[in-house]
Amino acid sequence: MQAAGCRFVAGVDEAGRGCLAGPVVASAVILSLNAHPPWLLQVRDSKLLTVAKRKYLFSHIAETAVAVGTGIVNNSVIDSIGIAAASRLAMAKAVAGLNPSADGLLTDHFHLPEVALPQKNITHGDVLCNSIACASIIAKVIRDGIMLELDDRYPGYGLSRHKGYGTREHRNAIETMGLSPLHRRSFCHFQYRLRQAENE
């Protein structure tokens, strides 16, 4: 991207795409081309890091990145437009929140037609590219924090533990308690349950 004349290239990634409940959260991160802090060697895809390591890296990224932007799209919008479009919308919001603005994007195998910037889509980008991995860490930590807060508002589902993913605990809680306002009703494995409820 630098060869194309881009100065502020943002890595973009999301968290929560495959969850059964809660928002999808995206982040965009612009790293300095000239700085190589020691902590950068510890950056990995957020899914490969412990909670403590993600929090440690989150603080360093937020402190030293040229810019960090975040976009959040809630479950009602996901139900309305679909998870793919909602993920792109969250990423577009994250890019729009950058200051300074990005002049190029690196994405994890995801093209953003909503953003009129040069883009390079990298397969396994959160493994191969530092700025995308940093974006995945920021998005994951922010989303996990949201789910911890929502666990207090909607107790009984175990949101603080599984963060809305489809674990056995979560599925059992849905069977027992039904769907909360946080759940993504458009996700296909809910369809039979919803149809059944309509017929009762």
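Keep in mind as you look around that the model is predicted.

Rolling a probe the size of a water molecule over the atoms shows where empty space is left. In this model, the largest pocket holds about 280 Å³ of space. Its lining is made up of 17 residues, and D13, E14, A15, G16 and K47 are the closest to the centre. Two elements, β1 (9-15) and α5 (130-153), each give two or more residues to that lining. Strand β1 has the largest share, with four residues. What kinds of residues line the largest pocket? Eight are charged, five are nonpolar and four are polar.

Now move on to the second largest pocket, with a volume of about 220 Å³. Twelve residues line the second largest pocket, and those nearest its centre are L31, S32, L33, N130 and S131.

Finally, find S27, which sits in strand β2 (residues 24-30). Is S27 buried or exposed? Its relative accessibility is 0%, so S27 counts as buried, the cut-off for buried being under 20%. Who are its neighbours? Leaving out residues up to four places away in sequence, S27 touches G11, V12, D13, V68, G69, T70, A94, A135, I138 and A139. With G69 there's a detail to zoom in on: a polar atom of the S27 side chain lies 3.2 Å from the backbone oxygen of G69.

Conventions:
Residues numbered from 1 in each chain as written. Predicted model: local features only at pLDDT ≥ 70, side-chain atom pairs only at ≥ 80, totals over all residues. Heavy atoms only, no water. 1 Å grid on protein atoms, 1.4 Å probe; cavity = no way out; pocket = protein on both sides within 12 Å on 5 of 7 lines; lining within 4 Å. Points joined across faces, edges and corners; volume = space filled by probe spheres on them. Nonpolar A, V, L, I, M, F, W, Y, C, P; charged D, E, K, R; others polar. Buried < 20%, exposed > 50% of the residue type's maximum accessible area, 1.4 Å probe, protein only. Polar contact = N/O pair within 3.5 Å; in protein donor to acceptor, adjacent residues only side chain to side chain. Contact = heavy atoms within 4.5 Å.
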